[in-house]
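Here's a quick briefing to read with the model open beside you. Take a look at the sequence and the 3D view, then work through the points below.

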2 protein chains.
Amino acid sequence: FLILHYCSLYCTMDKTQIAAWFKTLQDSICMQLEEVETERFHEDIWTRNEGGGGRTRILSKGNIFEKAGVAFSEVHGPTPDKILTALNLEKSNFYATGVSLVIHPASPHVPIVHMNTRYFEMSNGICWFGGGIDLTPIYVVKEDARYFHNQLKATCDKHDDRFYPKYKVWADDYFFNKHRNETRGVGGIFFDRLSETKDCTLEQCFTFVQDVGKLFAPLYLEIVNRHKSKCYSEEEKRWQSMRRGRYAEFNLVYDKGTKFGLDTNGRTESILMSMPPMAVWEYNFQATPSSREEETLQLLRKGINWTEEE
Amino acid sequence: FLILHYCSLYCTMDKTQIAAWFKTLQDSICMQLEEVETERFHEDIWTRNEGGGGRTRILSKGNIFEKAGVAFSEVHGPTPDKILTALNLEKSNFYATGVSLVIHPASPHVPIVHMNTRYFEMSNGICWFGGGIDLTPIYVVKEDARYFHNQLKATCDKHDDRFYPKYKVWADDYFFNKHRNETRGVGGIFFDRLSETKDCTLEQCFTFVQDVGKLFAPLYLEIVNRHKSKCYSEEEKRWQSMRRGRYAEFNLVYDKGTKFGLDTNGRTESILMSMPPMAVWEYNFQATPSSREEETLQLLRKGINWTEEE
């Protein structure tokens, strides 16, 4: 087992096959999202001067999705100094591929969602998988959060029953707006440097990442279908715009994917496709006591066990 | 002269007097802005657990200013580790006071503006002034930019004719959205660690900072008055929302004042009063060739000499 593990550290997998699978994942997710939509995804192919490129797909002003971005990328080249310093690495090249998506629905009753699955390889022979899914409801619906977490847990448990507890806490800590003392939403799972953290061999990690990727569309669409036909008011749309402001804050202040993209001279429009179509900042907004807005704020905290009924 | 300079490094000035002056500056600016407004500023007094506090004044939904924030603060306490590491300092206390403002006008014909004047003291006996003013037009009007820069230059020249050239370049470099390869607007002046950089003695620096502070309101109101009565279209308002998105990006990704505030556990609503009331992100927006939008984008770059006629 130890030997197997060391093999995995030395990048025993063919990265072109991993990238090819990520492309099929992008295809499959876009197709499934389009099934509930009147609009279609538009594709931009881009290349990066320093090496690699991507395939960004955006659906705008749909009947359900106001802005949905599903991006595949495969980039490589010299690791920028800023990242070398941050990771305390010597001069090296990097390779990164994956699928990243953020969906901003029109209705405040349908949650914002984010998923990312990624593979990294450094020229020193270290390689790993990472990823996660997290849900950001504008109004928290406990049954949705429970369903969402139980589905994630079931997928994790298929691989290792230590995964869900570990990656759920990791998501709570990661998707956190420290300056607001608020989680971004009801969390989900987050994991990084798999195989390096010895949670699985490289091959096992890939199977796990594939299962997470395949889970996304049916899981999210179940929640979309529950709420897509509900009417909403101006006030609910305004609350959504404010919550989107928090989403923008998280992405620009904390999100490592965004920082990595901007630091590695990625395509800005693809990196910032995660930004909300419209956001509002209202100075010192205070939710009305006992309102649904205040109830949601009460639930935006770490450590809630969403898998069990209260 | 050298002796005088060394005195200045050792904080010869009374910080309570500096803070008191910043308070009168806040009063004076708010009064002058209210003269063109139907709405009034509302005040929030806040205190910070670790030491100090502030007086935040916000005017919302005015006839001219959609959101104007003018904040005084005076904070002190142990320097957070994150800042000690960044500045390569040993364990110490800090003291910071100043006035910071950002104004988001309703009309896309009236530019966004930002001003900051600040004083820092570290417990190791180092102290300095900093500050700046910069203008972010939604549509660049060359005569406005020329007037704005010439007024800044005149104020700088009164003190030292090396100031304007140096601080203008500093503003170009500082107010820059690297990931967009765009300046935030037409720039202005930016300066930091005055007295440490030996540009002036501490007393001379304070006089300069006072002159910059006093210049702000008449300078900005001249530009406001030029355009406040112009009509505008839905399209112009939409372009404004997109430019505000860039403004939000700068504040959250690059602005050192925002980072310092969030890192020192400042009052989040006061720090983020600089955020636009509403912002839009449109994926891969391309300005129509030869449109006024494209003309503005062409002028959002470093190194333009705004003081002279073309």
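Chain A and chain B bury about 2600 Å² between them, and 58% of that is on carbon and sulfur atoms. Keep in mind that this is a predicted model. On chain A's side, A:Glu269, A:Trp281 and A:Tyr283 supply 31% of the area buried against chain B, more than any other three residues.

**Who takes part in the contact**

- Chain A puts 28 residues into the contact, and chain B puts in 28 residues too.
- There are 15 residue pairs in polar contact between chain A and chain B, counting pairs with both residues at pLDDT 80 or more.
- Which elements of chain A give two or more residues to the side that touches chain B? They are strand E2 (52-60), helix H7 (234-253), helix H9 (268-271) and strand E10 (278-280).
- H7(A) brings the largest share of that side, with 5 residues.

**Salt bridges across the contact**

- The count between chain A and chain B is 2 salt bridges.
- In a salt bridge with a distance of 2.8 Å, N to O, the side chain of A:Glu269 meets that of B:Arg180.

- E10(A) is joined by 3 bridges to strand E10 of chain B (residues 278-280), and the two run antiparallel.
- Look for A:Ala279 here, which stands opposite B:Ala279 in E10(B).

**A hairpin inside chain A**

- Strand E1 of chain A (residues 42-47) and E2(A) run antiparallel, with 6 bridges joining them.
- A:Glu43 in this pairing stands opposite A:Arg57 in E2(A).
- How many residues sit between E1(A) and E2(A) in the hairpin? There are 4, and A:Gly51 in the turn has a positive phi of about 140°.
- E2(A) also turns up at the contact, as one of the elements giving two or more residues to the side that touches chain B.

**Aromatic pairs**

- Over all chains, the count comes to 48 aromatic pairs.
- One of them is A:Phe65 with A:Tyr220, a stacked pair at 6.3 Å centre to centre with 25° between the planes.
- A:Phe65 lies in strand E3 of chain A (residues 65-78) and A:Tyr220 in helix H6 of chain A (residues 202-227), so this pair ties together parts that are 155 residues apart in sequence.

Definitions and conventions. Residues are numbered from 1 along each chain as its sequence is written. Chains are lettered from A and ligands numbered from 1 in the order in which they are written. This is a predicted model: local features need pLDDT of at least 70, side-chain atom pairs count only at pLDDT 80 or more; totals for chains, interfaces and linings use all residues. Side-chain values use heavy atoms; hydrogens and water are left out. Contact means heavy atoms within 4.5 Å. Buried area is the accessible area (1.4 Å probe) that two parts lose on being put together, summed over both. A salt bridge is a side-chain nitrogen of Lys or Arg within 4 Å of a carboxyl oxygen of Asp or Glu. A polar contact is a pair of N or O atoms within 3.5 Å; within protein, one must be able to donate a hydrogen and the other to accept it, and residues adjacent in sequence count only if both atoms are side-chain atoms. Two strands pair if DSSP finds at least two bridges between them. Rings of Phe, Tyr and Trp (its six-membered ring) pair if their centres lie within 6.5 Å; planes under 30 degrees apart count as stacked, over 60 as edge-to-face and the rest as tilted.
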